[in-house]
Amino acid sequence: MASQCSLSTLFPIQSQLDFALDDATTPQEKENLVLQYLKKLDEREDLKIPDFPTGLEWLNTEGPLSLNEELAGKVVVLDFFTYCCINCMHILPDLHQLEKKHSVKDGLVVVGVHSAKFPNEKVLDNVRSAVLRYDICHPVVNDSEAHLWHELEVSCWPTLVLLGPRGNLLFSLVGEGHRDRLALFTDSTLRYYGERGVLKPHPVGIKLYRDSLPPSILSFPGKVAVDDSKKRLAIADTGHHRILLVSSTGQLTHVIGGPESGRQDGDLSEASFNSPQGVAIKGDTVYVADTENHLIRKVASTTTFYRKVSTLAGVGTQGTDKEGGAMGPQQPISSPWDVALGTAGGVEDNVLWIAMAGTHQIWALFLADGSLPKGSEFQARTCVRWAGSGSEENRNNSYPHKASFAQPSGLALAPQEPWSCLYVADSESSTIRTLALKDGGVKLLVGGERDPLNLFAFGDVDGKGVDAKLQHPLGVAWAPEQSLLYVADSYNHKIKVVDPKTKQCSTLAGTGEAGDTLGPEFNKSCFNEPGGICVSDNGKIIYVADTNNHQVKILDLASKTVSLFPISMECTDSVPTKTSAPAKAPTLPKSAARKAMPPVAVSAGQTLILSLTLSLPEGTKLTDEAPSCWALSAEGNEWLLDSQVLTGDILDLSRPLCISTKLPAVVKDSNSNPSLTLGVWVYYCMEAGKACMMKAASFTQPLQISANPREEEVTVALTHAF
């Protein structure tokens, strides 16, 4: 369809307004300028844009949306984004703030238009995962071939386009950092059309995909780090906004933060994070890249008398400073994505290297006095840029400040000679780079190409140096015993290995297709955008944060097998974990079987055991790697479970599943018919084929609670055949 107009039509008109707004001094003066502009534009008939092409895939809606139907009578903000882009992530809080201020009923609808950079980003399942990962709560259309992008002549990510109630072009904002102007344009537009009575309050059929998902132990884990001396792992459970400390056998020892996002220091039971990514662990301390809080945090986790979370760097909002040099808590930083503990001109482990994805740089946070290679000396707590000009490029240079990165997202330290470098997974240039510890020189190891401005040199090719091709790698891990570097080649869904001596890069594990198959052989196993990786046990074991599969996987280099890292949610930590507001159980699909049980007599303080026997159709079996699970809730009677939703995995149907809960000692007369609801979500496959399915069921168990305490347990038998 030929475009009726594009941004090239709008830019000359809007530029006059932009110049006038730059000179305006008061909010009223700015609003008047925008209202005058809108009146002028509303008289034009040549600014209506084409509708969304038919046949596109939509997320967070009940069906496709049209500018001429569902969105008619609405002010629409189109957010042209691609989910790998850090700048696109930076404007999501601006859009969230806008949506909190103006509802769909008020006349505002935000629509994300996903226009992919990488081939992997064209796949609907991957876009869906990103929508969940970034908690996007507005409609998103997967414009995989960028039809609307080309029609409107959009030129970069992110671009915001503001439309009037008849699909007429009003404003455009290119890049990030326009929160105030976006609010001004939106507020003024809603006022202008509201006063003319053309806004319509009707709903547009928003249906959030996240509400239909079962609970899982992990949610989009970002990074994983290991401390072999303590035999434990730190896992950034990014989607749950928390850090998990787990023994090497999978026993959970500490849960810090979550399940909701926040920004609070203090006791482990009260601390909170916002989508943490990078973790570095040593002894009793974990360092955290608290990405969406734009902070570096320290977790003093296991000493008996000191269990605290503190902020080491950042002010809690996104910074634009590309030089640094202030004391950590006074230094604004931008989207730290990974951290690595190292030594720089001082005592051992006196510096924390930071992959500062938001400014495309590598920074240093001094934990004790030290100095950068060939640089000045710095006092403890100083946070300063080490390498990267701040331009988003793939530019290598012997002078660190003249080199450029493109969204560095993973770090691995190799301090030993002859390597003596920091390995960097530079995601947007699809390269692995080295940063020399002696002089800060930046060189290419593998991937990309020689043109520093070309950020589209990606692919999936094993090879040497620049001939090798990667696709948006997010993680690197160094194995000193073998002198090998392991790479989470995220958008190729592979784990690769690089010999830095020969610069040879080859596939270690993964088929190249997104999936969750445990081979168990390396070449038959599947991953889904793995984002984190670390090496353990003298280079014999690799842990992989398999982000979109919500799992951590183990690669055994001796047996060449892949297995799931089991995490037991029975936490051994003596510190009470923080409870959230009353949680909701996930939504059951319409097809779920719903069973109402007869009432059972129980007493206050008594333990109730629900013994559930499930059976599958003949010729089927549980899908081992899928997240079959249960959730016990008490909606309307949250006091029964202390305002919690209890959850767990379903791993074995050969014996009954026993779910135990202790009823409150004090009965609250919230209503006369309290009840518990047990929901189950089961994934199973045909043993003779590849067909798999998910089925769900729920059991509502009414309770007749007596105030007279009894000590013996009460067991209720539940059965269901799928």
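Keep in mind that this is a predicted model.

**Stop 1: the domains.** Colour the chain in three parts: domain 1 (7-211), domain 2 (221-564) and domain 3 (593-721). These bounds come from an automatic or database domain assignment. Now look at domain 1 and domain 3. Their C-alpha centres lie 44 Å apart.

**Stop 2: the cavities.** Turn to the empty space inside. Rolling a probe the size of a water molecule over the atoms shows where empty space is left. How many cavities of 30 Å³ or more are there? The count comes to 6.

**Stop 3: the largest cavity.** Select R133, Y134, Q277, W337 and L474. Among the 19 residues that line the largest cavity, these five are the closest to its centre. The volume of this cavity is about 190 Å³. Which domains supply its lining? Domain 1 (7-211) and domain 2 (221-564) each give at least three residues. By class, the lining holds 8 nonpolar, 8 polar and 3 charged residues.

**Stop 4: the second largest cavity.** Clear the selection. Then pick N60, V131, L132, D135, I136, L208, Y209 and R210, which line the second largest cavity. About 50 Å³ of space lies there. What is the make-up of this lining by class? The residues divide into 5 nonpolar, 1 polar and 2 charged.

**Last view.** Show both linings together. R133 and Y134 are among the residues closest to the centre of the largest cavity, while L132 and D135 line the second largest cavity.

How values were computed: Residues numbered from 1 in each chain as written. Predicted model: local features only at pLDDT ≥ 70, side-chain atom pairs only at ≥ 80, totals over all residues. Heavy atoms only, no water. 1 Å grid on protein atoms, 1.4 Å probe; cavity = no way out; pocket = protein on both sides within 12 Å on 5 of 7 lines; lining within 4 Å. Points joined across faces, edges and corners; volume = space filled by probe spheres on them. Nonpolar A, V, L, I, M, F, W, Y, C, P; charged D, E, K, R; others polar.
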